[in-house]
Amino acid sequence: NFMIRIVKMTFDPTKVNEFLTNFEEVKNKIRAFDGVEHLELLNDKNKPNIYFTYSIWKDEACLEKYRHSDLFKSVWAVTKPLFIEKAEAWSVESMIKL
């Protein structure tokens, strides 16, 4: 069973472009990381400074390997200071797909 990871990020509105520029630079590296099956960036339609990443992982071990990687540490070091609220994350599995 694949694992889905959803991360909500609320940015300082003045820092959104900085985040988007960095995401553009790192998105292919993240997508190419071992175990990543899908990566998507979503934007809240009503609150333009709120973004979500929606990623699908081969399994939880692959996600944990990423979370402890130099790639994650470098991405998070740039991203985290841009937040105005603490990021929220959920690990979920698909129950019903139609």
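The legends below describe close-up views of a predicted model.

In this predicted model, local features need pLDDT of at least 70 and side-chain atom pairs count only at pLDDT 80 or more, whereas totals for chains, interfaces and linings use all residues. Residues are numbered from 1 along each chain as its sequence is written, and side-chain values use heavy atoms, with hydrogens and water left out.

View 1. Strand 2 is joined to strand 3 (residues 50-57) by seven bridges, the two running antiparallel, and Leu39 has Ser55 of strand 3 opposite.

**View 2. The contact of helix 1 with helix 3.** The axes of helix 1 and helix 3 (residues 70-79) come within 11 Å and cross at roughly 170°. The two helices are therefore roughly antiparallel to each other, a description given to angles over 145 degrees, while those under 35 count as roughly parallel, 65 to 115 as roughly perpendicular and the rest as oblique. Helix 1 contributes Phe19, Asn22, Val26, Lys29 and Ile30 to the contact, and helix 3 contributes Leu71, Val75, Val78 and Thr79, contact meaning heavy atoms within 4.5 Å. Asn22, placed in helix 1 (residues 16-31), counts as buried because its relative accessibility is 12%; buried means under 20% relative accessible area, exposed over 50%, and partly exposed in between (1.4 Å probe, protein chains only). Leaving aside neighbours within four places in sequence, Asn22 is in contact with Val75, Val78 and Thr79.

**View 3. Aromatic rings around Tyr66.** A search of the whole structure finds ten aromatic pairs, rings of Phe, Tyr and Trp (its six-membered ring) being paired if their centres lie within 6.5 Å, with planes under 30 degrees apart counted as stacked, over 60 as edge-to-face and the rest as tilted. Phe33 and Tyr66 form an edge-to-face pair, at 5.2 Å centre to centre and 70° between the planes. This pair links distant parts of the chain, with Phe33 in the loop between helix 1 and strand 2 and Tyr66 in helix 2 (residues 60-67), 33 residues apart. Both Phe33 and Tyr66 are buried. The pair of Trp57 and Tyr66 is tilted, because the ring centres are 5.4 Å apart and the planes stand at 35°; Trp57 is buried as well as Tyr66. Ring pairs link a cluster that includes Phe33, Trp57 and Tyr66, and also Phe19 and Phe72.

**View 4. Leu82 in the loop between helix 3 and strand 4.** With a relative accessibility of 4%, Leu82 counts as buried. Not counting residues up to four places away in sequence, Leu82 touches Phe11, Asp12, Lys15, Glu18 and Phe19. Leu82 and Asp12 are 70 residues apart in sequence, yet 6.0 Å apart in space, C-alpha to C-alpha.

Definitions and conventions
Helices (H or I, at least four residues) and strands (E, at least two) are DSSP runs, numbered from the N terminus. Two strands pair if DSSP finds at least two bridges between them. Axes are lines fitted to C-alpha atoms, for helices over the stretch in contact, and angles run from 0 to 180 degrees between N-to-C directions.
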